[in-house]
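Please load the structure shown below and keep the selection tool at hand. The tour moves from charged pairs to aromatic rings and then to a pocket.

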Amino acid sequence: MRAFAHLLERLVLTPSRTRKIELMVHYFRAVPDPDRGLGLAALTGDLDLVAVKPALIRQLVAEVTDAELFGLSYDYVGDLAETVALIWPAPGGSDAPLRLSQVVAALDGASRSEAPAVLRRLLDGLGPSQRFAALKLATGGLRVGVSARLARQALADFGGVEVNAVEEVWHAQASPYASLFAWLEGRGDKPVSRVAAPFRPVMLAHPLDERDRAAIGPRDYLAEWKWDGIRVQAVAEGGARRLYSRSGEDITAAWPDLIAAMEFEGAIDGELLVRRAAHGGDAGTFADLQQRLNRKSVSTRLQQQFPAFVRAYDLLVDDGEDVRALALTSRRERLALLVGRLDPLRFDLSPLVPFADAGELERLRRSPPHPVIEGLMLKRRDAPYLPGRPKGPWFKWKKDPHVVDAVLMYAQRGHGKRSSYYSDYTFGVWHEGELVPVGKAYFGFTDEELRALDRFVREHTTDRFGPVRAVRAEPGFGLVLEVAFEGLNRSGRHRSGIAMRFPRIARIRWDKPPAEADRLATLEALLPGSPGAPTP
Amino acid sequence: MRPDELLRPRPEGLYCPPGDFFIDPVRPVARALVTHGHSDHARAGHGAVLATAHTLAIMALRHGPDFCASRQAARFGESIDLGGVRVTFHPAGHVLGSAQIAVERNGLRIVASGDYKCRPDPTAEAFAPVACDVFITEATFGLPVFRHPDPAAEIGALIRSAEEFPDRTHLVGVYALGKAQRVARLLRDNGWNRPVHIHGALKEICSYYQASGIDLGDLRPATIEGGGRGDFAGAIVLGPPSSFASPWVRRFADPLIAFASGWMQIRARMRQRGVELPLVISDHCDWDELTRTLRDTGASQIWVTHGREEAVVRWCELNGISARPLHLVGYEDEAE
């Protein structure tokens, strides 16, 4: 547990990707089975413990600390697990240090009624940094900045193999990955993927920058719209059907309506979208899709309201034949045939966008024909399907973001890294002589700008509500923020009636008087379905 | 006599009306008693200054020899009469020469702690609690989340990291007075026998400590002499934290930023500072030491100054001790 707690702390504080990998490799070398495998599963989010609710942790800590002292501490530290780890009144670090496997076994074996006693015993027996790690395991949110792919890269480096080799066998493996480590250490054979309908590592695109544009022409490249959904791989092989996210997480369970329509034999790459039943089945926005994301299961009502479909753009396996080495044009021909036999409400083909030159693409990109398009994809006709992010065969070219000048209205203290800064900003635009809040942003500025914003908030506070401060915002005095965002949706949850997608601070307009900020009508014109919005 | 007739907060600092002096005043005054040499407590421009010999020497190093009109050195345990008020300096264990100041009149004794630390530290005179009626405590780490680990274990983590990543320069952020010398000494006491490199801003105070008989081993300037970046691979370099944001850092091979401070217990602070290796090493007492000290002094009243006043006052309330915050301004708890 000591090594795992140390690894978590170092990973969180190490910005460099290379150094993170190095730390993980050192961990895999130093720690024996099964602990290292459990540590790996914890990092990749595959350690399936029954999550302990924060309420239980609060209850335990309330038994051993004064509520007011705890409150002051939590307010200062900004993270529940960290506060509890530090404030827990046992010295910890007993003579027989616990192993990660013992902690996991204790958490895993505990029934709901035993959980408080088990957790209390763990907190008593561990030192502060291990308590923190145990609490993060128990609540199921490590947040150490390690993606599953980065962890697999570390495994690859540890074993001296290609990362794709690790990704291929990954799904046949389960925590604590003993046979995977045996293979990587040269003590065993490469594990065989015994999973039916396995995941294949996906091919990713580079953003198109100025230098690349010259190479783009219709002779070498195909263009298609970039749909604003989530990238998925739909695999139906030997009677098994699975749906994977782009990093290979199995998300089958949440999409039964789509799975039922996977009447094919092969592996399709495409964009998962939902239809809006109430709007004649048109493709829904990302906000609609979000209704169905991050759920372990899904209600019949949601399935009817937002039926899922895949807009297919590539084929990896065709009736048992691995077609990844073929050129894109050949794969698309096969894909078109395959999709043609499927329910068109569940699978359709992402259409090609004909173009003459890069200039025409630029125009198309600026005014796409459908609100659920976020730009263009450009793919080399002759390129095979290569896992990872090879430079050259695939580019993405996104729409420019929208921008609006809004006025800072409220600021909230951040959590985690920014717990001593007012770093979350609610901003508004003018409507009938008053400011109405239209969104909240907490990034897009430098550390130096954060300090300046924090100072502005502290010096111009007009009211306080817990961690939130209202700041002076009048036509003649206040702070204008140029906010960039990807799109707008109607929302009943906000007073202004709109919700911004992916808002961030583009610039701080220290120079601009708030009276000159934008009006709500400007934003309303951008709503889907309004006259000013892009129409299909 | 009521306690606030003997000592009371004023905008300049804690003031003693019968003795007509201030303790750690933040603005120039006619007569100042100074607990220790950190610049927020020891300012230049006073008329007369009474402090320990080490504190006076450190003030002269930092502000120049003419930092005040007249000065008097106080010896630990020796009582001095100032206008009918008996004043005694006692060791505070914070940095070399740091003192708690006991102020007594008509059987009432108030002790102003300045900043203090209870742990053994070969670079500062050992703290001892002083029995008193009113104890004025600092509250820099006055929250129950602050429980400092064994500094030897923290230094051990630094030495292990230097061995694990021999291609990187380990840059340790330390404040010039106290922390730099303590970290150098901890490195020696925990088996680091190679030279320790120091930023130019640390040189004067380190030399003063060494001249005062505190052995810090082989300290060398962190300057390049005809070599390259490779010179400092695997080395441990101490510097003021502000220097890490300056071009000075560019001379080192892939620097790994460490920071020795009590704040390094809080992850948000580690990340704000861009620290890769936090070292929880503090000049101040932690929560357990602070609350134990409040009991040990036997004081019936606690006044709480700079830091987390609310939590310390709450602890006193839970333990049946009368307490109030003093709201003194001008002391920075960042420089730790």
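A salt bridge is taken here as a side-chain nitrogen of Lys or Arg within 4 Å of a carboxyl oxygen of Asp or Glu. The model is a predicted one, in which local features need pLDDT of at least 70 and side-chain atom pairs count only at pLDDT 80 or more, while totals for chains, interfaces and linings use all residues. Residues are numbered from 1 along each chain as its sequence is written, chains are lettered from A and ligands numbered from 1 in the order in which they are written, and side-chain values use heavy atoms, with hydrogens and water left out.

**Salt bridges**

Select A:Arg311 and A:Asp348, whose side chains meet in a salt bridge at 2.9 Å, N to O. A:Arg311 belongs to strand S7 (residues 308–318) of chain A and A:Asp348 to strand S9 (residues 347–349) of chain A, so the pair ties together parts 37 residues apart in sequence. Helices (H or I, at least four residues) and strands (E, at least two) are DSSP runs, numbered from the N terminus. Buried means under 20% relative accessible area, exposed over 50%, and partly exposed in between (1.4 Å probe, protein chains only). A:Arg311 is buried, with a relative accessible area of 11%, and A:Asp348 is buried with 17%.

Next, select A:Glu374 and A:Lys226, which form a salt bridge of 2.8 Å, N to O. This pair links strand S10 (residues 373–380) of chain A, which holds A:Glu374, with strand S2 of chain A, which holds A:Lys226, 148 residues apart.

How many salt bridges does the structure hold over all chains? The count is 62.

**Aromatic rings**

Rings of Phe, Tyr and Trp (its six-membered ring) pair if their centres lie within 6.5 Å; planes under 30 degrees apart count as stacked, over 60 as edge-to-face and the rest as tilted. By this rule there are 25 aromatic pairs over all chains. Select A:Phe28 and A:Phe158: the ring centres are 5.8 Å apart and the planes stand at 70 degrees, so the pair is edge-to-face. A:Phe28 lies in helix H2 (residues 17–30) of chain A and A:Phe158 in helix H10 (residues 148–159) of chain A, so parts 130 residues apart in sequence are tied together. A:Phe28 and A:Phe158 are buried.

In chain B, select B:Phe141 and B:Trp263, a tilted pair with 4.6 Å centre to centre and 55 degrees between the planes. B:Phe141 counts as buried at 0% relative accessibility, and B:Trp263 at 2%.

**The second largest pocket**

On a 1 Å grid over the protein atoms alone, a pocket is an open set of points where a 1.4 Å probe fits, with protein on both sides within 12 Å along at least five of seven lines; lining residues have an atom within 4 Å of a point. About 1300 Å³ of space lies in the second largest pocket, a volume being the space filled by probe spheres set on the points. Of its 48 lining residues, select the closest to the centre: A:Arg2, A:His6, A:Glu9, A:Ser129 and B:Glu154. H1(A) gives the most to this lining, with 7 residues.
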